[in-house]
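Keep the viewer open and follow along section by section.

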Amino acid sequence: MTEPATTRTDAPALAGARASACEAAGARFHELMGASGRDVDASLPVIALIRAEGRMARAFERALASTGVTEVQFNVLMELAANEGRLALCALAQRLLKSPANVSALVDRMERDGYVRRVRGERDRRTVLAELTEDGWRALGRSAPAVFETEQQVLAGMSQSDRARLASLLDRIVRDDDNA
């Protein structure tokens, strides 16, 4: 079957129309960005951070898949282990940058999985703490090597000084947010 003659003759006109539409869209985009006050020097690192976070999340998800521990559960296990195996739920929420309600629901799930248990504070019985169980310690032992190997792989192309500089810059963003 052959193409109709009109299609062949209209092809250059269609290509020209598409090019004009692309140019118009490009001009409109630049106009909108300028009117919105976009600072490309600010946008580029933010976009890079978002992309890097996505890459890290995917890498950790793959690494943890066989351990039975999620990334957020791993973070809870690490925080608890680093704090003598227990931490008040409000302190855990602050460290994880999560709302108290989200942390409570997360601890509920981890309690059902047997990784943590809730206990009352010794000095103030109103305080509720999350405490690692033996299963929680074992889950941390299973998952930590996978996470730490992934960290090494993701940062393999960076020198120690680059890593330290990156950590310092990212910490500054977090500190600035804490002071806002």
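## A loop residue to start with

A residue counts as buried when its relative accessible area is under 20%, as exposed when it is over 50%, and as partly exposed in between. Threonine 70 has a relative accessibility of 41%, so it counts as partly exposed. Please keep in mind that the model you are looking at is predicted.

You will find threonine 70 in the loop between α2 (40-64) and α3. Threonine 70 is 10 residues away from phenylalanine 60 in sequence, and the C-alpha atoms of the two are 8.6 Å apart in space.

Helix α3 covers residues 71-82. How far apart are the end C-alpha atoms of this helix? They are 16 Å apart, which agrees with the 16 Å that its 12 residues should span at 1.5 Å a residue.

Which residues of α3 are buried? They are Gln73, Phe74, Val76, Leu77 and Leu80. Because these residues cover an arc of only 160° around the axis, they sit on the same side of α3. After α3 comes glutamate 84, which has a positive phi, near 60°.

## Strand β3 and its two partners

Now turn to strand β3, residues 128-132. Four of its five residues are buried, so β3 is largely enclosed by the rest of the structure.

β3 runs antiparallel to strand β1 (residues 86-88), and three bridges join the two. Within this pairing, leucine 87 is placed opposite alanine 130 of β3. Strand β2 (residues 116-120) is also antiparallel to β3, joined to it by five bridges. Here arginine 117 has glutamate 131 of β3 as its bridge partner.

Glutamate 131 belongs to strand β3. Is glutamate 131 buried or exposed? Its relative accessibility is 17%, so it counts as buried, given that the cut-off for buried is under 20%. Setting aside residues up to four places away in sequence, glutamate 131 touches Gly85, Arg86, Tyr115, Val116, Arg117 and Val119.

Side chains of opposite charge can pair when their charged atoms come close. The model has eight salt bridges. One of them joins arginine 86 and glutamate 131, whose closest N and O atoms are 3.0 Å apart. Arginine 86 lies in strand β1 and glutamate 131 in strand β3, so this pair ties together parts that are 45 residues apart in sequence. With a relative accessibility of 23%, arginine 86 counts as partly exposed.

Glutamate 131 also forms a salt bridge with the side chain of arginine 117, at 2.8 Å from N to O. That pair links distant parts of the chain, with glutamate 131 in strand β3 and arginine 117 in strand β2, 14 residues apart. Arginine 117 has a relative accessible area of 40%, which means that it is partly exposed.

The next stop is helix α6, residues 134-154. Arginine 138 and aspartate 135 are both in this helix, three residues apart, about one turn of the helix. Their side chains meet in a salt bridge of 2.4 Å, N to O. Arginine 138 counts as partly exposed at 47% relative accessibility, and aspartate 135 is partly exposed as well, with a relative accessible area of 35%. Elsewhere, salt bridges that share partners join Arg86, Arg117, Glu122 and Glu131 into one network.

Serine 143 is another residue of α6. Its relative accessibility is 0%, so serine 143 counts as buried. What does the side chain of serine 143 reach at 2.8 Å? The backbone oxygen of alanine 139. Leaving out neighbours within four places in sequence, serine 143 is in contact with Leu64, Thr67, Val69 and Phe74.

Note on methods:
Residues are numbered from 1 along each chain as its sequence is written. This is a predicted model: local features need pLDDT of at least 70, side-chain atom pairs count only at pLDDT 80 or more; totals for chains, interfaces and linings use all residues. Side-chain values use heavy atoms; hydrogens and water are left out. The expected span of a helix is 1.5 Å times one less than its number of residues. Buried means under 20% relative accessible area, exposed over 50%, partly exposed in between (1.4 Å probe, protein chains only). The arc is that of the directions from the helix axis to the C-beta atoms. Two strands pair if DSSP finds at least two bridges between them. Contact means heavy atoms within 4.5 Å. A salt bridge is a side-chain nitrogen of Lys or Arg within 4 Å of a carboxyl oxygen of Asp or Glu. A polar contact is a pair of N or O atoms within 3.5 Å; within protein, one must be able to donate a hydrogen and the other to accept it, and residues adjacent in sequence count only if both atoms are side-chain atoms.
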